[in-house]
Amino acid sequence: MGRALGGVAAGGLPAAAFALTPGMAVMGVQVVVTLLAASLMQKMAPHCSFARWLLCNGSLYRYKHPSDEELCALAGKQRPKSKRDRKMNGMMEDKPLSVPRDINLQLDTSPITAVDALVLRYFLEYQWFVDFAVYAGAVYVFSEGYFCLVSPARETNLGVLWCLLTIVFSVKVFFMVMRHYFRSEEGGERSVCLTFAFFFLLLAMVALVVREDYLEFGLEAGLSGVTHNLEAILKPRGWEWTLPLAKLGFKLGLVALCSFLGALLTFPGLRLAQTHLDALRMAADKPLTHLSDSSFDTARLWAIVVLSLLRLLGTRHHLQAYLGLAERWVQRMRKEAGRIPALEIQQKITRIYCYVSVVSLQYLGPIILTLHCVLLLKTLGHHSWGLYPESPPVSPVAPPRPEGDAGEDVHAVVQEISGVLGCIFTPPFFRGLFSFLTWWVAACQVVTSLFGLYFHQYLAAS
């Protein structure tokens with residue numbers, strides 16, 4: 001087959017048919033890096049995983065529940081007989097074992113290993129999501145460096161695609177966890193999610209009503225540019241009356257999206273507040289200058305990136321603070337009077353450990369979502385990192401519609417569609433949209449975390 005292809009190539013096809021244009025070469029490099037990252041993520045996951053290392057590197061330790069024999073020894077009782085012995089003695093009634101609450105129970109600890117983590121609920125989803133976010137960040141860094149060195153004029157940055165996929169998967173992971181809360185038999189979590197969804201709906205409506213002079217998202221300027229570009233396309237067809245409806249529909253959709261994101265970020269914020277307070281308890285023993293607009297935008301981007309990395313450094317302390325809930329629960333139990341079934345002790349301690357992968361998702365998910373919103377804001381909004389001179393943005397121009405057979409001009413049609421979309425969705429629009437979404441995700445985390453701090457500090461303690 002190779003000889004046949006060689007003969008066809010040598011049999012009269014022009015050499016230009018096999019030549020790659022500079023644009024195709026640049027896109028080829030990006031595609032190769034993307035395929036390489038996807039292949040590495042698939043092949044290296046069983047052997048080298050950042051998510052698995054984060055939980056199973058030996059620095060986190062879990063509390064093991066006591067056995068029936070240990071509880072009986074602490075309570076000064078005889079070991080329970082087996083079911084066969086009870087049947088031989090005529091004791092058919094299986095009475096649950098209970099022990100006094102004030103027994104001197106000391107929990108044993110054990111480092112979390114990869115084998116222990118495999119039985120955790122949603123562990124595989126947690127591992128895949130965090131590893132994908134790491135590879136997406138690596139591809140984005142490569143794309144930024146490549147565009148800085150090569151400076152292609154009209155090429156697509158595939159790092160943007162990875163960031164968009166990471167945001168989509170973040171929402172999917174949050175929705176999976178929220179659906180788990182909605183299936184709870186108690187129903188309290190469902191009420192909390194719905195309450196915060198309605199609250200964030202009102203907050204989003206207020207945020208969109210406030211003038212741009214106070215909240216400088218640039219969303220109105222971006223919408224005005226999109227409306228102006230759409231008017232030039234719709235007016236010749238007599239559809240200009242749909243522009244106000246499209247603008248209103250976009251704002252209503254954005255409000256609905258904000259309410260949905262607020263509901264998804266409710267329990268991650270509450271969990272962050274709880275682990276933050278517990279981490280503080282564990283650690284108890286242990287001038288502004290005037291900036292230009294571009295410099296301010298750059299400083300804001302770097303501030304969010306640095307804060308996200310700082311929160312990532314605190315992952316181990318927050319997860320260990322959560323695992324320490326088992327020891328705190330035992331200490332509270334010892335101060336109470338009465339008896340408690342041994343099975344309840346074992347279930348309570350085991351449940352805390354089995355939930356650690358969900359807590360990891362609730363802690364890392366908002367960080368990943370915020371970070372990739374900022375990366376999209378930088379790239380699609382044509383901001384600068386301030387480390388190297390950025391190439392000036394190229395104004396998109398819609399190419400003329402090609403004449404001829406549509407089947408032969410597929411590439412030209414794709415270029416035409418891309419040019420039209422580039423003329424409609426301009427950098428000011430993406431700048432305003434992702435500025436608002438980044439602010440909104442951060443605001444949801446702040447509101448839910450403050451409520452969680454108040455709840456765990458005062459309401460839950462009372």
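Modeller: Tyrosine 122 is found in the loop between helix 6 (114–117) and helix 7 (123–150). Helices here are DSSP runs (H or I, at least four residues), numbered from the N terminus. This is a predicted model, in which local features need pLDDT of at least 70 and side-chain atom pairs count only at pLDDT 80 or more, while totals for chains, interfaces and linings use all residues. Residues are numbered from 1 along each chain as its sequence is written, and side-chain values use heavy atoms, with hydrogens and water left out.

Biologist: What is the phi of tyrosine 122?

Modeller: Most residues other than glycine have a negative phi. Tyrosine 122, although not a glycine, has a positive phi of about 65 degrees.

Biologist: Is tyrosine 122 buried or exposed?

Modeller: Buried means under 20% relative accessible area and exposed over 50%, with partly exposed in between (1.4 Å probe, protein chains only). Tyrosine 122 has a relative accessible area of 15%, so it is buried.

Biologist: Which residues of helix 9 are buried?

Modeller: An α-helix has 3.6 residues a turn, so residues three or four places apart point the same way. In helix 9, the buried residues are Cys193, Phe196, Ala197, Phe200, Ala204, Ala207 and Leu208. They cover an arc of only 115 degrees around the axis, which puts them on the same side of helix 9; the arc is that of the directions from the helix axis to the C-beta atoms. Thr195, Phe198 and Val209 are exposed on the other side of helix 9.

Biologist: What covers the buried residues of helix 9?

Modeller: The cover includes helix 8 (158–182), helix 10 (219–234), helix 11 (242–264), helix 12 (266–282) and helix 19 (427–459).

Biologist: With which residues is leucine 277 in contact?

Modeller: Contact means heavy atoms within 4.5 Å. Leucine 277 lies in helix 12 and counts as buried, at 11% relative accessibility. Leaving aside neighbours within four places in sequence, leucine 277 is in contact with Leu453, His456 and Gln457.

Biologist: How many residues line the second largest pocket?

Modeller: On a 1 Å grid over the protein atoms alone, a pocket is an open set of points where a 1.4 Å probe fits, with protein on both sides within 12 Å along at least five of seven lines; lining residues have an atom within 4 Å of a point. The second largest pocket is lined by 32 residues, of which Arg271, Gln274, Tyr322, Leu325 and Lys348 lie nearest its centre. Helix 12 supplies the largest share of this lining, seven residues.

How values were computed:
Helix = DSSP H or I, 4+ residues; strand = E, 2+ residues; numbered from the N terminus.
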